[in-house]
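Good morning, and thank you for coming.

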Amino acid sequence: TKVGVLISGTGTNLQALIDHSIDPKNNSAAEIVLVVSNIPGVKGLERAEKAGIPTKVISHKGYKKREEFDRKVHEALMEAGVEMICLAGFMRILSGWFVQQWTGSLLNIHPSLLPSFKGMNAHKLALEAGVRVSGCTVHFVVEEVDAGAIVAQEAVPVKTGDTVESLQERVKTAEHKCYPRAMELVARRLVGIDSQGKLVRSDTE
Ligand SMILES: Nc1nc2ccc(CNc3ccc(C(=O)NCCCC(=O)O)cc3)cc2c(=O)[nH]1
Ligand SMILES: N[C@@H]1O[C@H](COP(=O)(O)O)[C@@H](O)[C@H]1O
């Protein structure tokens, strides 16, 4: 399955997906064929270039309408023959039109155990809530933000004295294991969503 990865920053999740897909022992069904960033010069672009993966920068600033930006991104993905998309630190909300084109083949990783702590500052919300366990969630992307069917989660202990940075670091370690596994399940079409958006599994578990 040809995979497109959308990023906006450092790309440590992108790196984990790249490492997983190129490691022969994984016999991965996923081939990352394009990395798109909406922000130029981010570290994630270097990671893709080092791995010999084509990159594109499509700045959202160039478009006055959200749908126009999304259509440009969609065209780039189609040109590269992309069959499924992984959002990895991509910080733009995608329009209903875009999400509709990719339903069932569009994944995102969120740094909390959804449905808790949706949105941009999950770690801050988790620390303020005083939870003792946090973690990460890979979910199918639907129009409503951070609300799609959950594919995989990994729990992480919250430690006394944790800051957003220390919790984020611990959660990212879990993300880097969780996301490749989830990508593989979807790339092998062992997991999908039905017309109601509910998860459908064809693997055992
Ligand atoms: N429709 C849809 N699209 C998404 C795009 C990105 C992410 C990643 N997680 C994100 C969750 C929240 C945001 C957010 O609120 N950003 C500030 C507004 C930026 C903007 O104006 O665009 C961004 C990414 C998830 C989703 C999703 O669940 N559904
Ligand atoms: N989507 C969230 O944004 C962050 C991206 O980090 P990176 O993959 O760019 O290092 C990760 O914490 C992920 O959960």
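This is a predicted model: local features need pLDDT of at least 70, side-chain atom pairs count only at pLDDT 80 or more; totals for chains, interfaces and linings use all residues.

I begin with a pair of residues: Cys-86 stands opposite Leu-107 in strand E5. Strands (E, at least two residues) and helices (H or I, at least four) are DSSP runs, numbered from the N terminus. Strands E4 and E5 pair in the parallel sense over three bridges, where pairing requires that DSSP finds at least two bridges between two strands.

Residues are numbered from 1 along each chain as its sequence is written, chains are lettered from A and ligands numbered from 1 in the order in which they are written, and side-chain values use heavy atoms, with hydrogens and water left out.

Let us stay with E5. How many of the five residues of E5 are buried? Five of the five are, so the strand is largely enclosed by the rest of the structure. Here buried means under 20% relative accessible area, exposed means over 50%, and partly exposed lies in between, with a 1.4 Å probe and protein chains only. In a regular strand the side chains alternate between the two faces of the sheet. In E5, Leu-106, Asn-108 and His-110 point one way, and Leu-107 and Ile-109 point the other way.

In helix H1 (residues 12-22), the buried residues are Asn-13, Leu-14, Ala-16, Leu-17, Ile-18, His-20 and Ser-21. Their cover includes strands E1 (2-7), E2 (31-37), E4 (84-87) and E5 (106-110), together with helices H2 (43-50) and H6 (164-187); contact here means heavy atoms within 4.5 Å.

I turn now to the ligands, starting with ligand 2. Which residues are around ligand 2? They are Thr-10, Gly-11, Thr-12, Asn-13, Gly-89, Ile-109, His-110, Pro-111, Lys-172 and Glu-175, a residue being counted if one of its heavy atoms lies within 4 Å. An oxygen atom of ligand 2 is 2.6 Å from an N or O atom in the side chain of Thr-12. A polar backbone atom of Asn-13 is 2.8 Å from an oxygen atom of the ligand, and a polar backbone atom of Ile-109 is 3.0 Å from a nitrogen atom of the ligand. On its own, ligand 2 has 370 Å² of accessible area, and the protein covers 90% of it.

Ligand 1 is surrounded by 17 residues, and the closest are Arg-66, Ile-93, Leu-94, Val-142 and Asp-146. One nitrogen atom of ligand 1 is 3.0 Å from a polar backbone atom of Leu-94. A backbone N or O atom of Val-142 lies 2.8 Å from a nitrogen atom of the ligand, and a polar backbone atom of Asp-146 is 2.8 Å from an oxygen atom of the ligand. Taken alone, ligand 1 exposes 630 Å², of which the protein buries 83%. Such areas come from the Shrake-Rupley method with a 1.4 Å probe; for residues, only the protein chains shown count as cover.

Asp-146 is in the loop between strand E6 (133-140) and E7, and counts as buried at 12% relative accessibility. Its phi is positive, about 60 degrees, although Asp-146 is not a glycine. Asn-27, in the loop between H1 and E2, also has a positive phi, near 45 degrees, but Asn-27 is exposed, with a relative accessible area of 61%. Most residues other than glycine have a negative phi, and most peptide bonds are trans. The peptide bond from Leu-114 to Pro-115 is cis, with omega near 10 degrees.

My last topic is charge. The structure holds eight salt bridges, each a side-chain nitrogen of Lys or Arg within 4 Å of a carboxyl oxygen of Asp or Glu. One of them joins Glu-31 and Lys-2 (3.2 Å, N to O); Glu-31 is in strand E2 and Lys-2 in strand E1, 29 residues apart. Another is formed by Lys-177 and Glu-154, with their closest N and O atoms 2.9 Å apart. Lys-177 lies in helix H6 and Glu-154 in strand E7 (residues 150-157), so this pair ties together parts that are 23 residues apart in sequence. Glu-154, Lys-177 and Arg-181 are linked in a network of salt bridges.

Note on methods:
A polar contact is a pair of N or O atoms within 3.5 Å; within protein, one must be able to donate a hydrogen and the other to accept it, and residues adjacent in sequence count only if both atoms are side-chain atoms.
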